[in-house]
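Thanks for asking me to look this one over. Here are my notes, in the order in which I would walk through them with you.

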Amino acid sequence: MKKPPRSKPLLRDAGAPIRSRPRGKRNPAQPQLLFDPMPERVEPALAQLKSRPPKGSEWSWELKLDGYRLAVHIKPQGIRILTRGGHDWTHRFPAIEQAARALGPATMIIDGEAVVLDEEGRPDFGLLQQSLGASGKQAGSRASNAVLYAFDLVYLDGHDLRGVEYRSRRHLLEDLLNGAKDEQVGAIRLSETLDGEPAVLLEHVCRLGLEGIVGKHLDRPYRSGRTGDWVKIKCVQSEAFFIVGYEMSSASPAGFGSLILAAYRGDELVHMGSVGTGFKEAEAIRLRKMLDALRWNRKQPPLPYSGSADIAWVEPTLIAEIEFRAWTSVGKLRHPSYKGLRERQDNADVFRLD
């Protein structure tokens with residue numbers, strides 16, 4: 001099996017992603033200089049997936065939000081909003097940019113999650129994707145109704161806070177946002193901490209149909225990557241998979257019954273099953289047009305397939321976020337449901353099998 005072709009980016013930004021650099025050193029000619037240089041970008045701290053919450057009083061808990069991870073850089077010279085992958089999406093979140101300006105003239109880097117809320121005030125990933133017009137001709141659309149829930153403060157007024165323990169960073173962030181006027185910074189809100197036993201919190205959150213909870217160790221510094229300082233416990237499983245084809249259907253308005261999904265095993269793609277629920281009619285029609293533009297023009301399908309369904313194969317380019325309940329005995333997804341498309345500029349990671 002040959003390696004799958006390199007995926008095409010869903011959006012075409014003019015510039016390459018901004019890369020984080022090692023922490024800048026102070027000028028030896030000015031040993032008493034009190035200020036740290038503001039980093040161009042900080043690789044985000046990520047939460048490790050756990051099956052159950054760790055025990056102990058040294059953890060702070062909050063809701064797991066279903067959106068896009070963003071870092072908001074605020075300087076007198078202007079605002080930059082960077083994705084997890086380092087792409088500048090300032091133009092795509094105008095309300096968050098305007099709210100960030102109201103927090104100045106201080107210089108800071110705020111870490112948070114951009115979401116769009118449904119009528120009941122819950123984060124809805126599908127609504128966020130609709131606002132962004134992710135993929136296709138609408139790429140570059142603005143999510144004017146997006147809200148940033150801020151949960152960490154990485155830099156403030158000449159001080160790099162990555163070496164400071166989380167409890168102190170959180171206090172600084174609370175003081176910063178609680179001191180701002182609501183009408184000025186309505187699109188940037190403080191993420192709420194949850195009081196109570198994490199197992200009880202998780203049960204309550206899952207009953208409300210939310211994503212899960214995130215725990216952060218109060219005594220740890222800000223460390224990039226999945227270090228275990230942050231953990232996440234999900235109510236249902238959710239991962240990103242390649243769309244490699246669709247099953248034809250004359251009964252569906254969009255002309256397909258389900259999407260064929262794939263994950264990586266090493267450098268090869270393997271079939272993970274199909275998903276036929278979670279689509280609204282307009283989204284299904286939009287997906288069909290995008291997939292038809294990516295039709296696979298080779299004799300062999302992009303991965304080994306032993307099924308008998310009538311499949312239209314496509315280039316493994318589009319990445320779908322799929323919610324599912326468990327794995328079947330043969331390693332396929334059980335009760336999968338489509339949530340929306342992920343974008344490579346958000347550092348969407350296609351699921352990898354161990």
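Which helices and which strand each supply at least two residues of the lining of the second largest pocket? Helix 2 (125-132), helix 5 (281-292) and strand 19 (337-342) do; helices (H or I, at least four residues) and strands (E, at least two) are DSSP runs, numbered from the N terminus.

Before the points, a word on the basis. This is a predicted model, in which local features need pLDDT of at least 70 and side-chain atom pairs count only at pLDDT 80 or more, while totals for chains, interfaces and linings use all residues. Residues are numbered from 1 along each chain as its sequence is written, and side-chain values use heavy atoms, with hydrogens and water left out.

1. **The second largest pocket.** Its volume is about 770 Å³. A pocket here is an open set of points on a 1 Å grid over the protein atoms alone, with protein on both sides within 12 Å along at least five of seven lines; a cavity is a set of points where a 1.4 Å probe fits but cannot get out, and lining residues have an atom within 4 Å of a point. Grid points are joined across faces, edges and corners, and a volume is the space filled by probe spheres set on the points. The second largest pocket has 34 lining residues, and nearest its centre lie Asp124, Phe125, Gly126, Leu127 and Lys339. By class, its lining divides into 14 nonpolar, 9 polar and 11 charged residues (Ala, Val, Leu, Ile, Met, Phe, Trp, Tyr, Cys and Pro count as nonpolar, Asp, Glu, Lys and Arg as charged, and the others, Gly among them, as polar).

2. **The cavity.** The count comes to 1 cavity of 30 Å³ or more. The largest cavity has a volume of about 110 Å³. It is lined by 13 residues, with Val42, Pro44, Ala71, Asp111 and Tyr222 closest to its centre. Strand 3, strand 4 and strand 5 are the elements that give two or more residues to this lining, and strand 3 gives the most, with 3 residues. The lining of the largest cavity has 8 nonpolar, 1 polar and 4 charged residues.

3. **Strand 3 and its partners.** Strand 3 (residues 68-75) is largely enclosed by the rest of the structure, because 7 of its 8 residues are buried (buried means under 20% relative accessible area, exposed over 50%, partly exposed in between, with a 1.4 Å probe and protein chains only). Strand 5 (residues 108-115) runs antiparallel to strand 3 and is joined to it by 7 bridges; two strands pair if DSSP finds at least two bridges between them. Arg69 has Glu113 of strand 5 as its bridge partner. Strand 4 (residues 78-83) is also antiparallel to strand 3, through 6 bridges, and there Val72 is partnered by Ile81. Strands 3 and 4 form a hairpin with 2 residues between them.

4. **Strand 10.** What about strand 10 (residues 212-217): buried or exposed? Buried: this applies to 6 of its 6 residues, so the strand is largely enclosed by the rest of the structure. Gly212, Val214 and Lys216 point one way, while Ile213, Gly215 and His217 point the other way. Strand 2 (residues 59-63) is joined to strand 10 by 5 bridges in an antiparallel arrangement, where Ser60 has Lys216 as its partner. Strand 11 (residues 230-234) is likewise antiparallel to strand 10, with 5 bridges, and Val214 is partnered by Lys232.

5. **Helix 4.** In helix 4 (residues 198-207), the buried residues are Pro198, Leu201, Leu202 and Val205. They fall within an arc of 100° seen down the axis, so they line one face of the helix; the arc is that of the directions from the helix axis to the C-beta atoms. Ala199, Val200 and Arg207 are exposed on the other side of helix 4.

6. **Two positions to look at.** Leu261 sits in strand 13 and counts as buried because its relative accessibility is 0%. Leu261 and Phe242 are 19 residues apart in sequence and 5.6 Å apart in space, C-alpha to C-alpha. Gly266 lies in the loop between strand 13 (256-265) and strand 14 (268-275); it is partly exposed, with a relative accessible area of 45%.
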